[in-house]
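Biologist: I am new to this structure and would like to go through it piece by piece. Please show it to me before I ask anything.

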Number of protein chains: 2
Amino acid sequence: MDYSLSELTKEVLARAESGEDERIRELFLDEHPGDIAEVINVLDEDDKARIFRLIPDESAPEVLSNVHDSTLTALLAGLTDKEISRAVDELPTDDAVDIMGQLPEESATRVLDLLEEEDKESLRELLQYPEESAGGLMESEYVAVPEGVTVGEAVQELRNRAEDVEQVQNVYAVDGEGKLVGILELWRLTISRDDQMVGPLIDRDFRSVQVDLDQEEVAAIVMRYDLVEVPVVDEDERLVGRITIDDVLDVLEEEATEDISKMAGTGEDDFHEESVLRITVLRFPWLLGGLLGGIASAVLMSTYEVQLSSVIALAFFVPVIMAMGGNVGIQCSAVVVRSLALGELEVYRMGKRLTRELTVALLNGVALSLIIAVATFIWHGDGRLGFVVGIAMFLSVIVAATVGTVTPMVLKRIGFDPALATGPFITTTNDLLNLFIYFSVATILLVRS
Amino acid sequence: MDYSLSELTKEVLARAESGEDERIRELFLDEHPGDIAEVINVLDEDDKARIFRLIPDESAPEVLSNVHDSTLTALLAGLTDKEISRAVDELPTDDAVDIMGQLPEESATRVLDLLEEEDKESLRELLQYPEESAGGLMESEYVAVPEGVTVGEAVQELRNRAEDVEQVQNVYAVDGEGKLVGILELWRLTISRDDQMVGPLIDRDFRSVQVDLDQEEVAAIVMRYDLVEVPVVDEDERLVGRITIDDVLDVLEEEATEDISKMAGTGEDDFHEESVLRITVLRFPWLLGGLLGGIASAVLMSTYEVQLSSVIALAFFVPVIMAMGGNVGIQCSAVVVRSLALGELEVYRMGKRLTRELTVALLNGVALSLIIAVATFIWHGDGRLGFVVGIAMFLSVIVAATVGTVTPMVLKRIGFDPALATGPFITTTNDLLNLFIYFSVATILLVRS
């Protein structure tokens, strides 16, 4: 029976509650590991390890490599070293390394010790690379042949390795020192005669990435050149692994989620996390920052107590000045952050972008200021108040656009993540600046005169 | 000479300005179309078509399919029908359709008429499918064989089609009526003897997508099952095309950009667009909405003029109440929207998510309220004012969390894009609600008593 995803989930959730474990075991028999992983993701934390044990042996490793990080952590805590090492042994090295990376150090050592000497070595090597580098993404399973062999010999090598290497798209051609000299697309091998030399079939104008390249740049290269997999080389151009495009897909999801989480003022774990306490802790610092900014705003406003007392209507326009500054700031910062993430702003000179953002702010600022000035005049019948609110609105929009555009650029220049400058940070900064502008304008134009 | 991307761009920008077109032609000779596309993207709009004509003929079509939409629009406006049809003719059908989709109707008809009858027919068919469906993503080039052939015959078919079909990963097995019966991975074909039957090599437990499936769901399926390409079938299970994973990558980028643009209150074109006027028009409606919300806030506050006049310090805390409500609302809505986009919230019952968000808000709300209450008391030496601000803060956080969590869920249920409920929309709603709460609490606890 091939249950659709949500039916399968509903069914397993119900059976898990009533303890019908044998029925779940049967349900899992015909299901794809990708589907089972989705089910495990939504189970209650306490049930995850128990239900995981009902998965058929041949699917369990792949399920483990497909669940979310928070589910993986829960599972690893509930499984024995032996169970974990069995999964690690079965999986391609890139997935195995991801799982090892989630284990506490001692536990990782014990799991490694349960593996065969050869597997242990290759995993240890991969574990040295930073998780977010090409080395952290790659798998060490690939098919490589010397450039001087025949098609028949290359096919024989493919046959020998077919058990170990999943999703072969390319055979790599290397020289005597293991240096990557070119790529042999599988279809070329397939349609060629066995006694032909591979030399003329090799594509020597290929793209590779260095093992220490950041994963975001790996993703950018794969996208720019429409690759389905990319070979990874060390500093001597020796082939050390390959990155398949499904891992690049995960990187893109991850990076987008990271940017969104920073815009929202939370951590990226928030999106999969289930522990209320951990989520609270992730979000609190952003809120505390906002609170301190808010207290600063209150103190700032209190210095204008005299002005507020004499023209109480000044208080009414505090929300609209804050809201517009906030909105414009977020628009500019989000656009700059996303352009930086998509790799478009590096070459595109930043001064030009600032001009663009300021021109847009100028146009929208004029329109918005006119509307609020006229609305205020009609409402209060007070031309000077309308003038003050309009001028303050215009200046706020320009300042908010400048702060929103420049801050992420500066962060990028000095080596921080520009996405930090979206969301709460920009909004709080703009709140303070804009209140200051508003009350200064009011003091000069309205109260003093 | 292999210039790195940004050097190539700088060089072309400089030569374009000084009109050294022949030098640019030479520079482009050895460059990958992916790199040239990045250069064309950042050129001034007026230069794009002129510089595009300097690209070698064999690279030009691929460059055209790799530039951003806004650049494509500019290029298509500057190129002749003949130049466009040459590119359309060379490209795989999925890329050709994307270009045709950007052309004005008349121009598209003229370009189609320049193609050979056969190509015209297949493009016309593909153009019928909505751009954001599986049919809009797929290409009609693939290799398919009857399930009863030998390996040798399948390889011969591959050889015949090798010219037309790029990046072959799978050969598809079909029955007499063209129905897809299974997938033949290329490596299996490669390592098998020519006189063997393909039957036993066929993987019959495969995933396919219906031609009218939404592109977001196509991407979810490709990710869930770690596919490198997915076959597309019509309602009778007949094979009509295939979607390669590089197109899925583009879909993911697009969807993430779309979500971020809505959080920021702008259109997704904003990220690539260069016309200041068009950007201004994209952003204005969001700002106007915020302005109207702000005016409503001002009117609301004016109804509390008496309270404000008697306790002027009430005005000082308006920014902090607004800021915290805004921050909490964005946190909740962004998390819900992203979870919905990642396909995690459908099965996970929504009530459970609401409980989670409210518990987090409760915990953070208590902490933040205590801090602001104590800070207010220390600052103003007025316990009642501290109490009012604390209570109002707590209620605002709870209300903001509820609105932020429920609104995207409701939008999803009634068939709208939940991402509309992040950013300016949530913030404006929360501003109004929270000001109302704050002044109501103040009226009851402070002013009246």
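Biologist: Leaving aside its neighbours within four places in sequence, which residues is B:Asp214 in contact with?

Modeller: This is a predicted model, in which local features need pLDDT of at least 70 and side-chain atom pairs count only at pLDDT 80 or more, while totals for chains, interfaces and linings use all residues. Residues are numbered from 1 along each chain as its sequence is written, and chains are lettered from A and ligands numbered from 1 in the order in which they are written. B:Asp214 is found in the loop between S4 and H14 of chain B; helices (H or I, at least four residues) and strands (E, at least two) are DSSP runs numbered from the N terminus. With contact taken as C-beta atoms, placed from the backbone, within 7 Å, and sequence neighbours within four places left aside, the partners of B:Asp214 are B:Glu132 and B:Ser133.

Biologist: Does B:Asp214 count as buried, exposed or partly exposed, and which is it?

Modeller: A residue is buried if 20 or more other C-beta atoms, placed from the backbone, lie within 10 Å of its own, exposed if 12 or fewer, and partly exposed in between. B:Asp214 has 15 such neighbours inside 10 Å, so it counts as partly exposed.

Biologist: Which strands of the sheet in chain B stand at the edges?

Modeller: The open sheet has three strands in the order S4-S5-S6, with mixed pairing; strands pair if DSSP finds at least two bridges between them. S4(B) and S5(B) run parallel and are joined by two bridges, whereas S5(B), residues 229-233, and S6(B) are antiparallel over five bridges. Each edge strand has a single partner, so one side of each is left without a neighbour in the sheet; these strands are S4 (209-210) and S6 of chain B.

Biologist: How many residues of S6(B) are buried?

Modeller: Helix H14 (residues 215-224) of chain B lies across S4, S5 and S6 of chain B. Helix H15 (residues 245-264) of chain B also packs on the sheet, touching S5 and S6. S6(B), residues 239-244, is mostly covered, and of its six residues the number buried is six.

Biologist: At what angle do the axes of H8 and H10 of chain A cross?

Modeller: The contact brings together A:Thr93, A:Ala96, A:Val97 and A:Met100 of H8(A) with A:Ser122, A:Leu123, A:Leu126 and A:Leu127 of H10(A). Axes are lines fitted to C-alpha atoms, for helices over the stretch in contact, and angles run from 0 to 180 degrees between N-to-C directions. The axes of H8 (residues 93-102) and H10 (residues 117-127) of chain A come within 10 Å and cross at roughly 65°.

Biologist: Which helix gives the most to the side of chain B that touches chain A?

Modeller: In total, 96 residues of chain B are in contact with 96 residues of chain A. One helix, covering residues 276-302 of chain B, gives 16 residues to that side, the most of any element: helix H16.

Notes
Contact = placed C-beta atoms within 7 Å.
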